[in-house]
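Work through each task first, then compare your steps with the solution.

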Amino acid sequence: VKENLEHINRPVLIFWGTDDKIHAKWMMDVFKDRITGSTLHVIQGVGHMPHEEASGEFNRAAYQFLTR
């Protein structure tokens, strides 16, 4: 995946939970930096599954992103 990030030419919303034990924050920063026009949304106090652990915040951020 990392080799192809620059080829993504669509808006991308990246979610990351501050307690994620699988993906480090620096990895999400790399994704954000290499995908032009991407947005990184950090959710405090959740792990690797922010869509389940903080569904309200996840859904609000996704809705805002999709309707902008």
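**Exercise 1.** Work out which residues on each side of strand β1 (residues 13–17) are buried.

*Solution.* Start with one side: L13, F15 and G17 are buried there. Buried means under 20% relative accessible area, exposed over 50% (1.4 Å probe, protein chains only). Strands (E, at least two residues) and helices (H or I, at least four) are DSSP runs, numbered from the N terminus. This is a predicted model, in which local features need pLDDT of at least 70, side-chain atom pairs count only at pLDDT 80 or more, and totals for chains, interfaces and linings use all residues. Residues are numbered from 1 along each chain as its sequence is written, and side-chain values use heavy atoms, leaving out hydrogens and water.

**Exercise 2.** In what sense do β1 and β2 pair, and over how many bridges?

*Solution.* Strand β2 covers residues 39–43. The two strands pair in the parallel sense over 5 bridges; pairing requires at least two DSSP bridges. Within this pair, W16 stands opposite V42 of β2.

**Exercise 3.** Find where the buried and the exposed residues of helix α3 (residues 55–66) lie.

*Solution.* First list the buried residues of α3: A61, A62 and F65. Seen down the axis of α3, they fall within an arc of 100° (from directions axis to C-beta), so they line one face. On the other side of α3, R60, Y63 and Q64 are exposed. Finally, β1 and β2 are among what covers the buried residues of α3.

Conventions. Expected span 1.5 Å × (residues − 1). Contact = heavy atoms within 4.5 Å.
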